[in-house]
Amino acid sequence: MHVNHDQDAPAAEAIGFDDFLRVDIRIGTIVEAEPFPEARKPAFRLKIDFGLAIGVKKSSAQIVDRYALEELPGRQVAAVVNFPPRQIGKFMSEVLTLGFADEEGAVILFAPDREVPNGSRLF
């Protein structure tokens, strides 16, 4: 799914600013987190509230190495909300929750350092 997690990899091919604007990255609050034992790679099923305009969306997130289920509800995260839904086993993931790999390759969620309104768009 990911092109390259290596922090020493060169930057990706240049894109225009209009291309960047087409990727709709929003902040939402996790309202529910559940185990996802059917996933090929360890993951959780998340429900994320992106506010009135977008609503609550589902996401599969491979974050089990660094997060416990009980600490996820109430946490704000960033996600791409305008990719087509993706079937992951019997689960339909509607948004791509964003994160970065730590030194061991585990995913660390990308989030604002202060609370912002759900649905806020990255610019």
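S60 is buried, with a relative accessible area of 18%; buried means under 20%, exposed over 50% and partly exposed in between, using a 1.4 Å probe and protein chains only. This is a predicted model, in which local features need pLDDT of at least 70 and side-chain atom pairs count only at pLDDT 80 or more, while totals for chains, interfaces and linings use all residues. Residues are numbered from 1 along each chain as its sequence is written, and side-chain values use heavy atoms, with hydrogens and water left out.

**Around S60**

- You will find S60 in strand 3, residues 56-61; helices (H or I, at least four residues) and strands (E, at least two) are DSSP runs numbered from the N terminus.
- Not counting residues up to four places away in sequence, S60 touches F36, A43, F44, I88, F91 and S93, where contact means heavy atoms within 4.5 Å.

**The nonpolar cores**

- A nonpolar core is a set of buried Ala, Val, Leu, Ile, Met, Phe, Trp, Tyr and Cys residues joined through side-chain atoms within 4.5 Å.
- The largest one has 15 residues, of which L46, I48, I63 and L72 touch the most other members.
- Two or more residues of this core come from each of strand 1 (25-35), strand 2 (44-49) and strand 4 (76-80).
- Strand 2 gives the most to this core, with three residues.
- Another core lies apart from it and has five residues, including I25, I27, A78 and L98.
- Leaving aside neighbours within four places in sequence, I63 is in contact with F44, L46, L72, V107 and L109.

- A search of the whole structure finds three aromatic pairs; rings of Phe, Tyr and Trp (its six-membered ring) pair if their centres lie within 6.5 Å, and planes under 30 degrees apart count as stacked, over 60 as edge-to-face and the rest as tilted.
- The ring centres of F17 and F20 are 5.8 Å apart and the planes are at 35°, so this pair is tilted.
- F17 and F20 are separated by about one helical turn, because they are three residues apart in helix 1, which covers residues 17-22.
- F17 is exposed, with a relative accessible area of 59%, whereas F20 is partly exposed at 31%.

**A patch on the surface**

- I15, F17, F20, L21 and L122 make a nonpolar surface patch of about 500 Å².
- Patches are made of residues with over 30% relative accessible area and no salt bridge, with like charges joined within 9 Å and nonpolar side chains (Val, Leu, Ile, Met, Phe, Trp, Tyr) within 5 Å.
- A salt bridge is a side-chain nitrogen of Lys or Arg within 4 Å of a carboxyl oxygen of Asp or Glu.
- Accessible areas come from the Shrake-Rupley method with a 1.4 Å probe, and for residues only the protein chains shown count as cover.
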